[in-house]
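Thanks for making the time, everyone. Could we have the structure up on the screen, please, and then I will talk through the packing.

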Amino acid sequence: MSRHQRRRQSLLRPRRLAAPPLRFFMPLSLLACLLVLLVLRGLATNEVFHDTRIAQSVDKTTVPEELLHGGPVIDARGGKKAHPVSYRIPDKTVVLSFDDGPSPEWTPKILKVLADHGIRADFFVTGSMTTRNPELIRQIVAGGHEIGLHTFTHPDLAYQSHARISWELAQTQLALAGVAGVHSSLFRPPYSSDASAMDDWNYPVIKYVGAHGYLTAFIDRDTDDWKRPGVEEIVKAAMPTTPGAGELVLLHDAGGDRSETVEALEQIIVKLQGEGYRFTTISDALGAPSAMVPVHGFQLWAGKGFIWATHVSVVTLPLLVGLLALVGFLNFGRFALMVVLAPVHARRSKRQGVWGPPVTEPVTVLVPAYNERECIANTLNSLAASDYPIEVIVIDDGSTDGTADIVEEMDLPFVRLIRKVNGGKPSALNAGVAAASYDIVVMMDGDTVFEPSTVRELVQPFADPGIGAVAGNAKVGNRDSLIGAWQHIEYVLGHNLDRRMYDVLNVIPTIPGAVGAFRREALQAVGGMSDDTLAEDTDITMAVLCEGWRIVYAERARAWTEAPASLQQLWSQRYRWSYGSMQAMWKHRRAVVSRGPAGRFGRIGLPLVVLFGVVAPLLAPLVDLFLLYGVLFADTPITLASWGGFILLQSLLSWYAFRLDREKPWHLISLPLQQVVYRQLMYIVLLQSTITAFTGGRLRWQKLRRTGEVSAAPVEV
């Protein structure tokens, strides 16, 4: 059966779709939970959905005359066919009402004045203040006072849709249920005054909330205490204009300095009581049952859950802000180190003979291969063009696709083939090291293409006897696609610029598997390649550093590799890299307390790798969460300007990295999109790797599907 027929059969064969693993959803769930916490905190602090627009009075053609000249309480609860009616407060009766609270500073003082005189009042509370001050709501209810709704975020409802109005009322009811176990059917619109101020804009709001079971309470007397006109003016404004007439008086227990309100309240009560007035609530004044009713079951527990989550969000925010500051410090610290140290490395690399006399002895190039039939010929042909004397050992690690047969058919005189049963890349490399004829061993992947000068540039640092290994410059060959371009930017900025920094600090943590060289003596000193981790290249690099060898970066030793061409393959590769790197860090954790070279790496290199490679990327989603929060719920212009500044800084650093690497910068056009899509994908990969590590999960090696697209170095370099 031909290969085409086998492929066709596999496509026609029905496939069972495996259920996605739980760990795949956990990172996304965590990010979603953090965003919800931010939104809840924004609701509690009245930052989310905050609308400061206030409607101006318009025509009153739709408002019935009897409502405009009637009492302050309007009942429109009968539905569309019912005619709204208004009610006045009975003679010699005063209802004191307080808006915008509760306030932890002023509400307790007002409650004390009311309690001292045995007076009950109405408190029209906002949902945001309720969630922040639950104990005060419970005190209001315990004192026999009546609670009404004043919306959740205090917008002018004339500008809001029906959906927004319903949301404002429902969230406030949810908050009341959570803190006091009650709902209220009493409502007062923000920015309202007496009934005569109703117009064609706000009258539909009254009818809408009435249709949903709410009694609307306007006012008779507005004290304007929020303007702080003085105690005498507040008292004067609270007095009835008609002797003996009932009054619904508006005061405020939140929203600013209410010291004049507290002082004036005492005088208002004393003066009106002296004139024979009684004080009560709206429901009692109208002879109706209390507007507050207890809630049970789901509504009660939903409210408690909402309040609990809101409290968690308020408490958590300082921690999130602190972690965000840590991310900023780490990112800007890394940028600063790169800007300072990368030029040092670049200047050093330009000096001729910096390592010593030219290295000319032959070296062994190891090519471990497992199912690389699409790429192996390109790899060997690139080595055949090398301008440096080499022997090549291809270690076929149990390939099932005829990779070894292709090597034999090419019959290149400088190539030796070793066939072995499948044992993994570390065992293949160890077999190659054992068979190597020379003291310097170059390692590359079976899907990688070398330039003619790559081996020569890679081995020159070995003129210094203290150097045990050299990291080459891995580049993305298939960079013409969008995913390839994103990885190209990542390689130049995130990998090679990092290596310049780590080189100057003498703590390079990873020699890329695509292009690296080792002294065989250094490999033997650390016991060869290990299969303890899934990142054998990072593991061996750290081991060589801990043994006291120096590792440097050769920027001119370029190797072109085929990067993953799909998001699924990219996910698999980076998941393995992240998980394997964490394994290697954990394996060499004792270097932190060691002495000598291992201690130097443990106290300088390992912390930098953990901070820059794990902690900063792991916490970096906070930047995007706060960005999303700022755009949707907070100050959009400032948020976008801040994000734009970050992108500009990233662009400048990327341009500098491309310039050092002698790359054409036109691929940076896709940098903003990379920050929006690709970077988030890498965050989720790292989160998933971390979850896998902490939950004790095991990750198997996952072979990527190759196409052989990279056959030679791109002509632009």
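Let me start with Val209, which, once residues up to four places away in sequence are set aside, touches Ile165, Leu169, Phe187, Tyr214 and Thr216, contact here meaning heavy atoms within 4.5 Å. This is a predicted model, in which local features need a pLDDT of at least 70 and side-chain atom pairs count only at pLDDT 80 or more, while totals for chains, interfaces and linings use all residues. Residues are numbered from 1 along each chain as its sequence is written, and side-chain values use heavy atoms, with hydrogens and water left out.

Val209 belongs to the largest nonpolar core, which has 73 residues, and together with Leu96, Phe98, Leu114, Phe123, Leu265 and Ile269 it is among those that touch the most other members. The largest share of this core, seven residues, is supplied by helix 2 (residues 22-44). By a nonpolar core I mean a set of buried Ala, Val, Leu, Ile, Met, Phe, Trp, Tyr and Cys residues joined through side-chain atoms within 4.5 Å, where buried is under 20% relative accessible area, exposed is over 50% and partly exposed lies in between, with a 1.4 Å probe and protein chains only. Helices (H or I, at least four residues) and strands (E, at least two) are DSSP runs, numbered from the N terminus.

Turning to helix 10, its buried residues are Glu260, Thr261, Val262, Ala264, Leu265, Ile268, Ile269 and Leu272, and what covers them includes strand 3 (93-101), helix 4 (107-116), helix 9 (231-238), strand 10 (247-252) and strand 11 (278-279).

In the loop between strand 3 and helix 4 we find Ser103, which is buried, because its relative accessible area is 7%. Leaving aside neighbours within four places in sequence, Ser103 is in contact with Pro108, Met129, Leu136, Asp253 and Ala254.

Finally, a word on confidence, for which pLDDT is the predictor's score for each residue, from 0 to 100. The protein averages 87, and 92% of the residues score at least 70, but pLDDT stays under 50 over residues 1-23, for which the model has eleven contacts beyond four places in sequence.
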